[in-house]
Amino acid sequence: MADQRRQTLTVAERFLPDQPGRRRADGATLVSLFLLALLIIPARLVLSFVPMTLPPALVVALLLGVFWVSGQMVDNVGMGKGRNLVRTAVALYLASQLATYGVATRRWLPTDELTVADSSIIRITSMIAVAVFVCDAVRTKERLDRVLKLLLACAAVIAFVGLVQFGLGVDLASYVSLPGLRVQDNGYSAMEARSIFRRPTGTTNHPIEFGLVCAMAVPLGVHYVFKARDDGTPHVRWFACLALVGLGALLSLSRTALLCMAVGAVIMIIALPRPRKIATAVVGGGCFLGATLVVPGLFGTLRGMFSNIEDDPSVKARTADYEAAWEQIDLNPLLGRGFGTYLPTKYTILDNQFLLTMIENGYLGLFALIGMFLAAAFAAIRVRMISRDEQLRSLASALVAAVISGGIASVTFDLLGFGVATGLVFTMLGASGALLRVATEQRRRAPAEPATQDA
C-alpha cells in the first residue's frame, strides 16, 4: 500500500506547478505541442486516413479537451479550478454553439450543409477546448512565458517562409511532406498577387490569415524584447522575431493585418513607460521606412490600398452581398441557420465574421462571440490593475493588443473559417485567462510573504 501511494505521489508531482524541478510534462507542454502542430505544419496538410478534413492541430486540440475534462475530475494534476472570467465567456459561447447546432439539425438541412455543420461543431468545440485548457492548465508566469515565446518563435518561422515566398517566389511549405498526411486543396493559391507583388501565405491558407498571425505576434515581440533587456539576457533573437513578424504583416499586403498591427502598436505605446514609448515609436517607424525603401513600390501599394478604398474591387465585393446577408439573418434571427452552413461555394463569401455569425448563430451567437473578446481583454486589463509585477503588466498589455486585433479582424475577415487564425485567437483568449489566474494567485500570496519573513 505504501509503495502504491508513493507511486501515485510521484506521478502527481510530475504535473504539479509547484514542483518545477521534478516536472516532466505539464499543461504548457501540451499547449506547446498544439502550437507546433498549428503553426509549423502547413495548413494544407490533413490526415490521410480519415474521410473528413482533419488537420493534426485539430486532433491535438480534441485531446486537450479530453485532458481538461479529466483534470477537472481530480485534484492532483495541477489543473486550475474555480471561476474565471474568460472561461465563463468561452462556456457561454459553447452553449450558443450547441444550441444553434441542436436547432439547425432538428430541422431539415441539405446534405452538404448538414455534413459541414457536423464537422464545424467538432472544429469549434476543439478550439474552445484549447482556450479553456490554456486558461486552466498553464498555472505559472514562467510556463505561460514558455508558451507565448514558442508562439512568437513559430510566428517568426511562418513570417520567414512568407518572406521567401514574397521575395523569391519559392514556397518552402510545399516541400514539407509528413507520413500519414495528405495535401488538401482549399481553393486558394499559395502566392496570390496584388499590384506588382506576390502575396505570401507562409504555412497558412491565405494571405489575410498570414498577415493576421504576424500582426497578432507583434505585441508579444515588443514585450519579450523589453523583458530580455530587463532580465539581462540576450535580446537579439527576440528582436529578430519581432522584425520578422512585423515585416511579414507589412508584406502580406492585407488591410486587416495593417489595421491590426496599427491598433496593437497604439495599445502598446499607450501602456509602455515613457522611455519605451519613444523607443517603440522610433524603431517601428524606422522599420516601416526601411521596408518601403528596400522594396520599391511598396509604399505606393500600401497607400493605394487605403486612399482609394471606396473604389477598390475587393471592398466592393465584400459589401455587395450585405443585403442578401440581412435577408438570411431575418429568417433565423435568434440562433441562426447553423454554424458552417452558409457555404461560400453555394451562397457567397462574406469577409466579415460578425455578419457571418449573425447568419449562422444568430444574435445570441454574435453576443457570445463579442463577449469572449471583451472578457479576454478585460481579464488582461484587470491584470494591469491588480499586479505590481511590471513584466506581468507588460505581458497583459501585449495580450490586450493581440485579443483586440483578433476582434478587429472579425470585422474585415471571416476569421472562424481559417484554422490557423482561429487556433491562434483561442490560444490568446485562454492565455488572457491564465494570466489573470497567475496575477490573482500572486496577489493572494503577497500579504502572506512579509508575515512569513517576519516569523
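## Disulfides

With a disulfide taken as a pair of cysteine sulfur atoms within 2.5 Å, the count comes to zero disulfides. C214 has a relative accessible area of 0%, and C260 has 1%.

## Model and overall make-up

This is a predicted model, in which local features need pLDDT of at least 70 and side-chain atom pairs count only at pLDDT 80 or more, while totals for chains, interfaces and linings use all residues. Residues are numbered from 1 along each chain as its sequence is written, and side-chain values use heavy atoms, with hydrogens and water left out.

The protein has 17 helices and four strands; these are DSSP runs numbered from the N terminus, helices being H or I of at least four residues and strands E of at least two. Of its 455 residues, 51% are buried. Among contacts (heavy atoms within 4.5 Å) with a separation of 6 or more, 77% join residues 24 or more positions apart.

## Nonpolar cores

A nonpolar core is a set of buried Ala, Val, Leu, Ile, Met, Phe, Trp, Tyr and Cys residues joined through side-chain atoms within 4.5 Å. The largest one has 121 residues, and F34, Y93, L148, L220, F426 and M428 have the most contacts inside it. Helix α14 (residues 353-386) supplies the largest share of this core, 17 residues.

Beyond its neighbours within four places in sequence, Y93 touches I124, I128, G365, A368, L369, M372, L416 and F426. A second, separate core has six residues, including F166, F197, L251 and L253.

## Cavity

Cavities and pockets are found on a 1 Å grid over the protein atoms alone: a cavity is a set of points where a 1.4 Å probe fits but cannot get out, a pocket is an open set with protein on both sides within 12 Å along at least five of seven lines, and lining residues have an atom within 4 Å of a point. Grid points are joined across faces, edges and corners, and a volume is the space filled by probe spheres set on the points.

The largest pocket has a volume of about 1,400 Å³. It is lined by 44 residues, of which T53, R123, G417, F418 and G419 are the closest to its centre. Helix α5 gives the most to this lining, with six residues. The lining divides into 25 nonpolar, 14 polar and five charged residues.

The second largest pocket has a volume of about 850 Å³. Among its 31 lining residues, V218, V283, G284, G285 and C287 are the closest to the centre. Elements α7 (207-231), α8 (236-251), α9 (255-271), α10 (274-294) and α11 (298-307) give two or more residues to this lining, with the largest share, eight residues, from α10. This lining comprises 24 nonpolar, six polar and one charged.

Terms used
Buried means under 20% relative accessible area, exposed over 50%, partly exposed in between (1.4 Å probe, protein chains only). Ala, Val, Leu, Ile, Met, Phe, Trp, Tyr, Cys and Pro count as nonpolar, Asp, Glu, Lys and Arg as charged, and the others, Gly among them, as polar.
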